[in-house]
Every structure is written in structure tokens, then in C-alpha cells.
Amino acid sequence: MIEFSNITVSDNHEPFVIAEAGINHDGDFAKAIELVDIAYESGASAVKFQTHITDKEMIPTDMKPGNISDESLWDIIERCVLSKEEEEELFTYSKEKGILFFSTPFSREGAERLNELGVEVFKIGSGECNNLPLIKHIAKFKKPIILSTGMNDIESVKISVETILEENSNLSILHCTSIYPAPPETMRLGAITHLKNTFQNLEIGLSDHSLGISVSLGAVAVGANIIEKHFTKSRKWPGPDNPFSIEPHELTNLVNSSKEIWKARGGKKDILDD
């Protein structure tokens, strides 16, 4: 079980659905505000962004992010950076709306900024899962951590988990397939059971990069208590993550259907009083 704000994450509580705005605002603050509104209206548990300080997290590079974009990774991130002041406004606006705001830092400087802002929970992305100096730094804040584990096997994940638990016991883990978009056959929902059996005292969930919401709902059925899903106002918006993100009506369906599946899971084959 993990707790923050007025939210509890456990088998006995409705799924914690993270509406992942990420960089789908493409650096446009007005769009970022729109994404907060959409997340709130959908009934999502939280809205999550990404905290980028480009020169603190990478060296200048012409590397392109696989099949996601023809633009260099440096240029994408540099364009999508939100300033400290904009993040403060997003944090305040989300709080006023009544939805939990948090973000994924990619550097110690980004983590420090979020901690000073007062975020209640930290998300560590798959790309930083085995960045042990960074995750140890974040763990020292003693705030809940959600660790995504794409591109890592169980032995690698164990090292990251042990590193965090040395400083902070308030940890949960997300299974993830780091393909954008991820075909269903790569999603391996059995990994959720694998993680639950391996880390029996930790909450387990899914960071879902597949198309649509069916895999996320399947994850709830097999025991995931956290679902993270990229969303956008329109898949026609520019930006590398928008094409595989879900739109507002799909996010609402994900929130509502995950609750229904959570209510239906468990039990045994016997005769109901009804």
C-alpha cells in the first residue's frame, strides 16, 4: 500500500490512473493547461508531466529517437522544455482544480526543482531505471516513488529496487515495454504477475505504450493497481508522443472501465447468496 494526498493505492482501492501528459504540449504552456483540464474532467487520479533541463540530462546530440521522429532528440527535448515558472503555475493550477500533479525528472537538478515545488510523489522513467546515482538522490527526499522498468529484466530491476529501498520504503513498480507504440504481443502482462510475486510488499502497475486502452484494462484484471497512459487532446497535435496517445473520450473510458474491472476481479467459484 502507498498513500499520498487523499489517495491510497492497494488491492482494496480503485486503480490509480495516471494521465501522462508528458511532452504532448510540445512546449506550448496553453496546451499544458488544457491537458490538466482534460485529465481532471476524465476522472483520472493524477496528471503527470516531464521535467526537462536539457543540458543537465544529455550532451548535444544528433541522435534520433528511433521511429518516433526524424528530429534529433536534443531538439525535441529543448523545444518541449517547460520553465520553472511554468511548472509552478501548472502545479498550482492542478491543485486548484483538485487533481494531483507530479512529474518525471531526468536530472538531479530537475528532481531538486520538483522537490522544492512540493510534489508529493516522484516518477522515475524507464530510461533512468538503472541510473543509480539519480534514483538514490531522489530516494533521499523520502517521498513516494513510482519506478518504471522498460528495457530492464528482473535482475536489473532488483538492483534498482534495492538501491531505492536503502533510502526509502515508499516504492511502487511499473512494468513497461519501451516501444512506441508497443504491439500487443510485446506487452507481456505476465510480467505484472512476475513482479508481484518477486516484490510482494510493493504495489505493481503498468506504464502502457500500446494503442488504445484494452491492454491497460487487461493489466487491471491481472492485478495492476496503477495504470499510466499517455493522453492528448488530439492525435493530430504535433509532437513525437501524440500519435500513440489516447484522446479525452478514451481516457474517460479507461478511468471508468478500470474501476469496473477492479470491482470484478478476485473471488472464487462458489454460490452467491443472490
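Colleague: Which residues do ring pairs link into a cluster?

Modeller: Ring pairs join F49, F91 and F101. In general, such a pair is described by the distance of the centres and the angle of the planes. Rings of Phe, Tyr and Trp (its six-membered ring) pair if their centres lie within 6.5 Å; planes under 30 degrees apart are stacked, over 60 edge-to-face, the rest tilted. The model is predicted, so local features need pLDDT of at least 70 and side-chain atom pairs 80 or more, while totals for chains, interfaces and linings use all residues. Residues are numbered from 1 along each chain as its sequence is written, and side-chain values use heavy atoms, without hydrogens and water.

Colleague: How many aromatic pairs does the whole structure hold?

Modeller: The search finds 5. One of them, F4 with F16, is edge-to-face, with 5.3 Å centre to centre and 70° between the planes. F4 is in strand β1 (residues 2-4) and F16 in strand β3 (residues 16-22), 12 residues apart, and the pair links distant parts of the chain. Strands are DSSP runs of E, at least two residues, numbered from the N terminus.

Colleague: Are F4 and F16 buried or exposed?

Modeller: Both F4 and F16 are buried (under 20% relative accessible area, 1.4 Å probe, protein chains only).

Colleague: In what order do the strands of the open sheet run?

Modeller: Strands of a sheet pair through backbone hydrogen bonds, parallel or antiparallel. Here 8 strands run β5-β4-β3-β10-β9-β8-β7-β6, with parallel pairing (at least two DSSP bridges). The edges are β5 (100-105) and β6 (122-124), each pairing on one side only.

Colleague: Over how many bridges do β6 and β7 pair?

Modeller: β6 and β7 (residues 145-148) pair over 3 bridges. I124 stands opposite L147 in β7.

Notes. Helices (H or I, at least four residues) and strands (E, at least two) are DSSP runs, numbered from the N terminus. Buried means under 20% relative accessible area, exposed over 50%, partly exposed in between (1.4 Å probe, protein chains only).
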